[in-house]
Amino acid sequence: NRLLHECRQPVGAVPTMEAFLTDQFNLDHNVRKIGEGTFGEAFKIGNQVLKVVPIDGSVPVNGEKQKSSEELYAEVAIHNALR
């Protein structure tokens, strides 16, 4: 719940990625993958960049254990403080 609040997302059922993207972005723009790192991937949608990081799962991503929501919380809080 802390992570959802920090990301300004409603607490409760998390929508599918498709529902999230449809709600947050104008999908008339081309979606283009622009990067890949240890913990996820980055996509460009119009003039926005979306970082996708799987969390709290047991399936390795790019050969690494997924981050926990608590580990990602610190990254999101720092990003928001620097905006």
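Modeller: Read from the N terminus on, the elements of the protein follow the order α-α-β-β-β-α. Helices (H or I, at least four residues) and strands (E, at least two) are DSSP runs, numbered from the N terminus. This is a predicted model, in which local features need pLDDT of at least 70, side-chain atom pairs count only at pLDDT 80 or more, and totals for chains, interfaces and linings use all residues. Residues are numbered from 1 along each chain as its sequence is written, and side-chain values use heavy atoms, with hydrogens and water left out.

Biologist: In what order do the strands form the open sheet?

Modeller: Two strands pair if DSSP finds at least two bridges between them. The pairing here is antiparallel. Strand E1 (31–36) and strand E3 (48–52) are the edge strands, each pairing on one side only. The 3 strands therefore form an open sheet in the order E1-E2-E3.

Biologist: Which residue in E2 is the bridge partner of Lys-33?

Modeller: E1 pairs with strand E2 (residues 41–45) in the antiparallel sense, over 5 bridges. In E2, the partner of Lys-33 is Phe-43.

Biologist: What percentage of the residues in the protein is buried?

Modeller: A residue is buried under 20% relative accessible area, exposed over 50% and partly exposed in between (1.4 Å probe, protein chains only). The protein has 83 residues, and the buried share is 18%.
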